[in-house]
Amino acid sequence: MVYNPNKIEKRWQRIWEKSGIYQASDKVKGKNNFYNLVMFPYPSGDLHIGHWYNFAPADVYARFKKMRGLNVMSPIGFDAFGLPAENAAIKRHIHPKTWTYKNIARMRSQLKSMGNSYDWSREIITCDPEYYKWTQWMFLQFYKNSLAHRAKVPANWCPSCKTVLANEQVVDGKCERCDSQVIQKEIEQWLFKISDYAEALLEDLDNLDWPSATKLMQKNWIGKSEGWEIKFKIKNYKLEIPVFTTRADTLFGCTYLVVAPEHPIIINNKSRITNYKFVEQYINESKKKTERERISEIEEKTGVELKGIKAINPVNGREIPIFAANYVLMHYGAGAIMAVPAHDQRDFEFAKKYNLPIKMVICPNYPKTICPILDRAFENEGFLVDSGKFTGMPSNTARERVGEWLQKDEVAEKKVYYRLKDWLISRQRYWGAPIPMIFCEKCSWQPVREKDLPVLLPNIKDYLPTGEGKSPLAKSKKFMNVVCPKCKGPAQRETDTMDTFICSSWYFLRYADPCNEKKFASAQKLQTWLPVNMYIGGAEHSVMHLLYARFFVKALKKMGQLNFSEPFLSLRHQGIILGPDGQKMSKSRGNVVDPDEQVKKYGADAVRIYLCFMGPYNQGGPWNPNGLVGISRFLNKVWQLCRSQPSTSSRKADFYKLERLLHQTIKKVTDDIDNLRFNTAISALMILVNELHNQSENTSRSIKTLLLLLAPFAPHLAEELWLKIGEKKSIHGQKWPVYDSKLVEEEKIQFIIQINGKVRDKIETAADISEAEAKTLVLASEKIKPWLQGKEIKKTIFVQGKLINLVI
């Protein structure tokens, strides 16, 4: 019988689905639960090879854990609301709902073609009313607990998508979805107070088994700064500007202040600022720039002096000018900075541009008082100079001493600030979960009653964005006009929809109890499965989805809804698969790999194994068109090997050698899958298959062991061959093989070291020691060093497993 992957795979997929083999029970006697999760996909089109790279190796890990005796839940669903699906639908002139559900049906079929061990009985679709009822319920809980509020705030507006974007959704000043230039617009929005959890989000990162780069990205995004808030008085007026700094040690070098264009000191002193028209013009120009553009290191720093008012430096009483500059943000710190151009490169460049004084107050070579002439800011540690009684003090010490000195006069106080802003969750788009709030002229904003959830998204015909700062839902009078839940008078619904990241901030909780109509999930089932043991997905979500999900869990715990504070105990990222040309895959480059075509040609098992084998999982790499050919040959070799008649005899001359290799392979594959080193696990299996193929006969035990090790990678082939060798029950319910620790120990030999053919030393080494390793040991040997002193090695003779001879 010839190996026909397409025939075998489709048959086993039907059998598995019918039998429900991958449906996870909440409790299995004698087994601990293990929650294995991949980031669910947007249904914006076909599954691409990047989806496969996320899902297939992650399924290898799930299957492995199941065979290791754990009760594994591996669910899947669709992140179906939001801009990706809506923009794709609009482009094709199809209603978003029609487009989304059509794609879900298509992608569901593609996902099943992978042969993954998903529990489809737990499938969730975030645009189903049964799901977003609980998304709306979550909003209400946040509102009741003062974590959701409405405010008029500057927002990132995408003129193409015609909606507000969160800061995290703006990349280099452009919309991450459509690449349009983002502008600033002041709109009333709903926000979640994620900033209340900044410290908890920061502290708990240390306890997570996450990639260090991801944790660092979150730390930087949260942006904790500890320092002093110092009051600068305004000359001749009973006014002051509080300024936050982490470098109080440089205060004697402050030669000007900079405030954000939105700072109230400007509008409140309109009559005192003699060049207010120019200042107002500058403020209006600043409003056109996004936050990221304003703080970008690449952007040239601009500003305008507030003429007519001066600040007083509290440490020396000197008058200093005040500037408004767009690189200072109102929401960070106190919206003002003290500029020390000698010790901050940004301030240095600004001072050079506007011809402002540059005074060096930290010197690297104290007590020498001649400081170097600066061609750029000196930002390192040193000793204070020209700083009154603090002169000579190390800068890291003075940082606290200067603040404490000013604190005695109530001019300074210790402060902690975070870069993290509140999460703007309003979207002026149709395809999203309606925000469950009602506005009444008499009672103001009122929450929808929980018993009235879900607030259904109406199936309107005119779903195109308006571009006027309002959702298309505002066009539907039937949707908008309602009765106030408090006074029963006329009122209107909120027409904005929620950011799709809200849907994905709690979806992993719903998998534990997806059919519950009374709660988002029962406390018992949440305790049974959560938190997630292993979460696998793209690093691009480091400061969006992953941060928001952590915030949701911490907030829900504080509300008494959960008993854990982190959603994902372990996290791993897959790399990116590039085109065969080494470039990012895109249709315009013509380098996109269609996984469906590869499955049709080689089979799902071959594609799974190739994705595991192509390189380290967290790195990815370019797609090799010839790679699948080699994998296909490997699977054919396995097929032929297992279809030949196995021997029950173990009386072969090389039995011990084969037995050692078998157990070493078990250990290697076990350790590698456990650490997601799929490529080296495949290498070990290839070595084993080659050795078994070279044997005149193989024991049935060695064939069984091979199939068990191969099962997570090639589930269809392994299942088929398991049946062919006479086994009755599914291979995917079998126990993972265990290695004999004595047989995996490296074989030791007495290795001989010769100098000019004479034995000078003997050392114990591994039998497979290489020439390079042997030479390193020789040169390190104390017995050999005297023989080589002052001599030149002219030739090296190496005999594998026996000796090395140095000719001098």
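**A packed pair of helices**

Tutor: In this predicted model, helix α21 (residues 655-674) packs with helix α23 (residues 700-710) at an angle of about 15 degrees, and their axes are 11 Å apart. Those two values are given because a pair of packed helices is described by the angle between the axes and the distance between them. An angle under 35 degrees counts as roughly parallel, and α21 and α23 are therefore roughly parallel to each other. The crossing in which α21 passes α23 is left-handed. On the side of α21, the contact is made by Glu659, Leu662, His663, Thr665, Ile666 and Val669, while α23 contributes Arg701, Ser702, Thr705 and Leu709.

The protein chain comprises 27 helices and 33 strands. Of its 808 residues, 54% count as buried. The largest nonpolar core has 176 residues, and Phe508 and Phe713 are those with the most contacts inside it. Helix α2 (residues 49-67) gives the most to this core, namely 11 residues. Leaving aside residues up to four places away in sequence, Phe508 touches Tyr35, Leu37, Leu530, Val532, Ala549, Val553, Pro567 and Phe568. A second, separate core holds 54 residues, including Ile266, Val328, Leu356 and Leu384. Finally, among contacts between residues at least 6 apart in sequence, 72% join residues at least 24 apart.

How values were computed:
Residues are numbered from 1 along each chain as its sequence is written. This is a predicted model: local features need pLDDT of at least 70, side-chain atom pairs count only at pLDDT 80 or more; totals for chains, interfaces and linings use all residues. Side-chain values use heavy atoms; hydrogens and water are left out. A nonpolar core is a set of buried Ala, Val, Leu, Ile, Met, Phe, Trp, Tyr and Cys residues joined through side-chain atoms within 4.5 Å. Buried means under 20% relative accessible area, exposed over 50%, partly exposed in between (1.4 Å probe, protein chains only). Helices (H or I, at least four residues) and strands (E, at least two) are DSSP runs, numbered from the N terminus. Contact means heavy atoms within 4.5 Å. Axes are lines fitted to C-alpha atoms, for helices over the stretch in contact, and angles run from 0 to 180 degrees between N-to-C directions. Angles under 35 degrees count as roughly parallel, over 145 as roughly antiparallel, 65 to 115 as roughly perpendicular and the rest as oblique. A crossing is left-handed if the near helix is turned anticlockwise from the far one by less than a right angle, and right-handed if clockwise.
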